Number of protein chains: 2
Amino acid sequence: MPVGTLANIKTVTPAQLKMTGAEMVLANTYHLHLQPGEDIVAEAGGLHRFMAWDGPILTDSGGFQVFSLSQIRTITETGVTFQSPRDGRMIQLTPETSIQIQNRLGADVIMAFDECLPYPSAYEVTAAATHRTHRWLQRCVEANQRPDQALFGIVQGGIYLDLRQQAAAALSEFNLPGYAIGGVSVGEPPDLIAKIVQVTTPLLPADKPRYLMGVGTYREMAQAIAAGIDLFDCVIPTRLARHGSALVAGERWNLKNARFRRDHAALDDACPCYTCRYFSRAYLCHLIHAQELLAFTLLSIHNITELVRFTQRIRESILANTFVADFAAWLRSEPTAQ
Amino acid sequence: MPVGTLANIKTVTPAQLKMTGAEMVLANTYHLHLQPGEDIVAEAGGLHRFMAWDGPILTDSGGFQVFSLSQIRTITETGVTFQSPRDGRMIQLTPETSIQIQNRLGADVIMAFDECLPYPSAYEVTAAATHRTHRWLQRCVEANQRPDQALFGIVQGGIYLDLRQQAAAALSEFNLPGYAIGGVSVGEPPDLIAKIVQVTTPLLPADKPRYLMGVGTYREMAQAIAAGIDLFDCVIPTRLARHGSALVAGERWNLKNARFRRDHAALDDACPCYTCRYFSRAYLCHLIHAQELLAFTLLSIHNITELVRFTQRIRESILANTFVADFAAWLRSEPTAQ
């Protein structure tokens, strides 16, 4: 899922996004609550109409953002109170209000409100947050007024594999339409992320979508898919684009680099995207040097297409029973690789 | 012609531009000489290939930019020497080098190198610059190595109608494939622009394209077309978009305005463009408040479509012999209107 924090994939229109092969997008409850507010989105007929995306949409719960973006926050059993970075007013998000906002936003998949912790956090603190997340999940299930929206639970447990295992077992009891692994990619060593995913994923129902939040790179995705993960979201393709970088042949290329100034080859001649069909590395290098915003659009289109194609190739390999052989390099590669 | 200064229409892909109905675009010799340089564009196979625009392209000569953008410049009969705002080096543009650069860029239409003056300029100064522009035109004609590129001359003469008339007569002698009126819209009162266009245009060959440079608004275009003008270029549609404004029903709307926050109507329900088909005023207002660059793309698509449609309606009225009646409001309107 490309990330559409504020009800748009940055610099990419829905028509362009459709052509990348992306099917589902993510939007952020926290950000949309602050701007424009869920009332305006609901008045518009929901997120799909508002942002003109007719494919599936998932909204996260705001749990991760109140912990990662808010300066001032108070956590109680009720929920989290934080100061709006927009106008300074205090806002409370609880399991009930998060679900209420998500019900109004109207995505296809909504996420339970969870307590996220920074890395590293002590075992006892992590255990308490994980157990609270389960109590909050119960309140989310009870608060959900829209059976047409699929409510996914989130496995927490930090870096402690026994807590992750307990959480996966506890969540599975809820018989939810889907499950997510959260609280990863917050600063842990990549090997630890891989270990958490390997241990946790098999404990979640295999007949339900399993979603690894905030991941990933080629390697992280290949390894997570090997563990059973079905769904990802990540800002990497669009954020890299805004930094002038392209994902080509498994590498990150900074198109601002002088070596591309006279390189008139297609960005990636193996890629069928709009950018690679029509534009050269030299042209993209020029746009970046000229500070032209069109570079962000063209690089985003390519980067999203590239990661979607990567997962498509994995899907085909799985169906052909050749996944491990075909993706051995990614599965075995060092964590520092992409 | 939408303006693609640096070989791109800001925030709009060629595929999106095609859908606006725009057929021809303008690019700037001055800017492209500085970045990426005409050698790189030529290596790429010319501007069309480089920027992936398969429609006609016009390059201006750099004459206007060296006068309007350069801080330090020296004008002699040979040409203009100015300091690059990019790296401080001194650059000389002459009729010969301007044409040489344009030959390398490879547009369909190239412009003669002219001496532009600020408004106001004294009669004698203007007369001297106008006569020099004619001598420079002769040198441009002789320097042009590519008969497949149509070289247009530029009528100067400032606000002095007799100089404009002399210039139009002098240029017509050259039997060029097209003619432009330059040095307008540099600060003169709108009524004076209209007067210059009314007096000058009929003196240029009616069987050749006549191009009014740097114009325009609805009113300026309607009045210029009434005088015989065929071609315009203007940054208004894309620049307004980057300021959050849309051209709707002949007005400029600032979509950031709070009155649009809950306005769920299409931007302009009379417009068939992508933006108006899929997105509401409330959504555009949201994108602007959220500082999302996608707003620039969506507003540019609409604004270009709107001005192209305006000229298309004028063309239809001319063919139906109803132009004056259909556009009387614009032809008669006050200069302060758009």
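Predicted model: local features only at pLDDT ≥ 70, side-chain atom pairs only at ≥ 80, totals over all residues.
Figure 1. The area buried between the two chains is about 3,300 Å². Carbon and sulfur atoms give 56% of that area.

**Figure 2. Polar and charged pairs across the interface of chain A and chain B, and the elements of chain A that take part.** Across this interface, 17 residue pairs are in polar contact. The count of salt bridges between chain A and chain B is 4.

**Figure 3. The salt bridge between A:R262 and B:E43.** The closest N and O atoms of A:R262 and B:E43 are 2.5 Å apart. A:R262 lies in the loop between β12 and α12 of chain A, and B:E43 lies in helix α3 (residues 38–43) of chain B, so the pair joins two chains. A:R262 has a relative accessibility of 48% and counts as partly exposed. B:E43 is also partly exposed, with a relative accessible area of 41%.

Figure 4. Is α13(A) largely enclosed by the rest of the structure or largely open? It is largely enclosed, because 8 of its 9 residues are buried. The buried residues are A:R281, A:A282, A:Y283, A:L284, A:C285, A:H286, A:L287 and A:I288. From chain A, the cover over these residues includes β12 (251–254), α12 and α14. From chain B, the cover includes α2 (29–34) and α4 (47–51). Just after α13(A), A:Q291 takes a positive phi of about 55°.

**Figure 5. The salt bridge between A:E77 and A:R132.** Side chains of opposite charge can pair when their charged atoms come close. The side chains of A:E77 and A:R132 meet in a salt bridge, with an N to O distance of 3.0 Å. The pair links distant parts of the chain, 55 residues apart. A:E77 is in the loop between β3 (73–75) and β4 (80–83) of chain A, whereas A:R132 is in helix α7 (residues 123–143) of chain A. A:E77 is partly exposed, with a relative accessible area of 32%. A:R132 has a relative accessibility of 18% and counts as buried, because buried means under 20% relative accessible area. A network of salt bridges links A:E77, A:E115, A:R132 and A:R135. Over all chains, the whole structure holds 26 salt bridges.

**Figure 6. The salt bridge between A:R139 and A:E96.** In this pair, the closest N and O atoms of A:R139 and A:E96 are 2.9 Å apart. A:R139 lies in helix α7 of chain A and A:E96 in helix α6 (residues 95–105) of chain A, so the pair ties together parts that are 43 residues apart in sequence. A:E96 is partly exposed, with a relative accessible area of 31%.

**Figure 7. Helix α7 of chain B and what its buried residues pack against.** Helix α7 (residues 123–143) of chain B has 21 residues. From its first C-alpha to its last it reaches 30 Å, close to the 30 Å expected at 1.5 Å a residue. Its buried residues are B:T126, B:A127, B:A129, B:T130, B:R132, B:T133, B:H134, B:W136, B:L137, B:R139, B:C140 and B:A143. These residues pack against β3 (73–75), β4 (80–83), α6 (95–105), β7 (150–155) and α8 (161–172) of chain B.

**Figure 8. The surroundings of B:T59.** B:T59 lies in strand β2 (residues 57–60) of chain B. With a relative accessibility of 0%, B:T59 counts as buried. Its side chain makes a polar contact with the side chain of B:Q102, at 2.9 Å. Leaving aside residues up to four places away in sequence, B:T59 touches B:A27, B:T29, B:L47, B:Q102, B:L105, B:A107, B:V109, B:I110 and B:M111.

Terms used. Residues numbered from 1 in each chain as written. Chains lettered and ligands numbered in written order. Heavy atoms only, no water. Helix = DSSP H or I, 4+ residues; strand = E, 2+ residues; numbered from the N terminus. Expected span 1.5 Å × (residues − 1). Buried < 20%, exposed > 50% of the residue type's maximum accessible area, 1.4 Å probe, protein only. Contact = heavy atoms within 4.5 Å. Buried area = accessible area lost by both parts, 1.4 Å probe. Polar contact = N/O pair within 3.5 Å; in protein donor to acceptor, adjacent residues only side chain to side chain.
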